[in-house]
Amino acid sequence: VSLFFFMPYVNAQTGLQTISGTVIDKEGIGLSGASIVIEGQATGTAADIDGNFSLQVKNGAVLKVSFLGYQTESVKVTNQKNYRIVLNEDNYLLDQVVVISYGTATKKEIIGSVSSVDMKDTKNIPVNRIEQALQGKVAGVMVTQSYGEPGSPMNINIRGVGTIGDSDPLYVIDGIPTKTGINSLNPSDIESMSILKDASAAAMYGSRAANGVVLIKTKSGKEGRITVDFDAYVGVQSNAKTFDMLNASEWAEVRNRATLNDNPAGSVPWKDTNLGAGTDWQKEVFRDALMQNYNLSITGGSAKTQYALSLNHFEQDGIIRYSDYARNSIRANIDGNPASWLKVGNNFSFSQIKKSGVD
């Protein structure tokens, strides 16, 4: 008896009917993964590999059918049981996808594969290479330094090592791809960096992007009054800890004991172990090393012409004597709009690097 009264009650409340259909493009090709959602509800489904779908829906409901790169269609459900839905291409959306791949449009649709670093966050952190600005800032990006010599290169691995041998990412500076020249770039000249991590990068830059892409945008002039900025910092680096070593007298005693342990009847190498303290070679090798950085930038422009000029001097002494690194760089760019249909620009950079190391 309970079953007899329960079933009519459910049907009367839901009023659902099962419909099916196919989502295709204008060429008749099924759109696999197309989204079919009931308007005003979170209920829906996705088309299979051939574009077919099946859904329970009330009569009179409106279906929102969408697919990336195509215009969204609204379909009202009637007594019809099978629907053939044709989606038209949306050229505007297709253009948006291309722009996002270059990192110039909003990235909210692909937030999992693109990460951005605003250089304002690293303004108060002394860095001498742009790779240091990425340390601890981007998930999935590991920045390591093989050795501590001043000016030594750093390794960047984006989501692990992707290729054998050269595992460095591709750098794109103001739209120009490069694998070299990063060492000469002044971190203070960078406005922002974006990291492309997955296959969307390879789609744009090919095999060079197998290890990921680092998009770098340098600072440019802006319309307004002339702005002059100067910043500098000076610091001292020192060896945090030295090894506890034997002095000359203690070393002679240890050598004598080792000799007698090996051959009790033998003669010791040092008859007199009173040799004094000797030379502390760690003290002779290590030193307090000076690090200094000076930046001067001038920006400004009018509605038709904007300019930016930056000068930088960076110098770092190594904590090991006779090792040092110095970089002098100049960067200048001018953007002009002499006519509404014409835009011209110039980007000039020069760097001088001097480096000394200890083998």
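These notebook entries record what I looked up in one predicted protein model.

**Entry 1: ground rules**

I number residues from 1 along each chain as its sequence is written, and my side-chain values use heavy atoms, with hydrogens and water left out.

**Entry 2: confidence**

I began with pLDDT, which is the predictor's confidence in each residue, from 0 to 100. The protein chain averages a pLDDT of 81, and 86% of the residues score at least 70. Over residues 1–13 the pLDDT stays under 50, and there the model has one contact beyond four places in sequence, where contact means heavy atoms within 4.5 Å. Residues 96–112 also stay under 50, although for them the model has 18 contacts beyond four places in sequence. I note for myself that where pLDDT is low, the predicted coordinates should not be read in detail.

**Entry 3: the chain as a whole**

I found five helices and 19 strands in the protein chain; these are DSSP runs numbered from the N terminus, with helices being H or I of at least four residues and strands being E of at least two. Of the 359 residues, 30% count as buried, and here buried means under 20% relative accessible area, exposed means over 50% and partly exposed lies in between, with a 1.4 Å probe and protein chains only. Among contacts with a separation of 6 or more, 59% come from residues 24 or more positions apart.

**Entry 4: an open sheet**

I then followed five strands that form an open sheet in the order β15-β16-β17-β18-β19, with antiparallel pairing; two strands pair if DSSP finds at least two bridges between them. The edge strands, each pairing on one side only, are β15 (224–237) and β19 (342–356). Neighbouring strands of this sheet are turned by 5° against each other on average, direction ignored, with axes taken as lines fitted to C-alpha atoms and angles running from 0 to 180 degrees between N-to-C directions.

Strand β17 (residues 305–317) pairs with β18 (residues 324–339) in the antiparallel sense over 13 bridges. Along this pairing, S310 stands opposite R331 in β18, and Q316 stands opposite Y325 in β18. The hairpin of β17 and β18 has six residues between the strands, and in it Y322 takes a positive phi near 70°. On to the next pair: β18 and β19 are joined in the antiparallel sense over 14 bridges, and their hairpin has two residues between them. In β19, I353 is the bridge partner of R327.

**Entry 5: nonpolar cores**

I looked next for nonpolar cores, meaning sets of buried Ala, Val, Leu, Ile, Met, Phe, Trp, Tyr and Cys residues joined through side-chain atoms within 4.5 Å. The largest has 20 residues, and L134, M193 and I216 have the most contacts inside it. Strands β9 (141–145), β10 (154–158), β11 (170–173), β13 (190–196) and β14 (213–218) each supply at least two residues of this core. Leaving aside neighbours within four places in sequence, I216 is in contact with residues including I130, Y171, L185 and M193. Apart from that core lies another, of 19 residues, among them I36, F53, A61 and V75. As background, nonpolar side chains tend to be buried together in soluble globular proteins.

I placed W251 in helix α4 (residues 248–262), where W251 counts as partly exposed because its relative accessibility is 43%. Beyond its neighbours within four places in sequence, W251 is in contact with L246 and W270. W251 and A277 are 26 residues apart in sequence and 9.8 Å apart in space, C-alpha to C-alpha.

Q282 lies in helix α5 (residues 281–285) and counts as buried, at 17% relative accessibility. Not counting residues up to four places away in sequence, Q282 touches T242, F243 and M245.

Last, I checked aromatic pairs, for which rings of Phe, Tyr and Trp (its six-membered ring) must have centres within 6.5 Å, with planes under 30 degrees apart counted as stacked, over 60 as edge-to-face and the rest as tilted. The count comes to three aromatic pairs. The rings of F67 and Y70 have centres 5.7 Å apart and planes at 55°, so this pair is tilted. F67 is partly exposed, with a relative accessible area of 26%, whereas Y70 is buried, at 13%.

Methods: Predicted model: local features only at pLDDT ≥ 70, side-chain atom pairs only at ≥ 80, totals over all residues.
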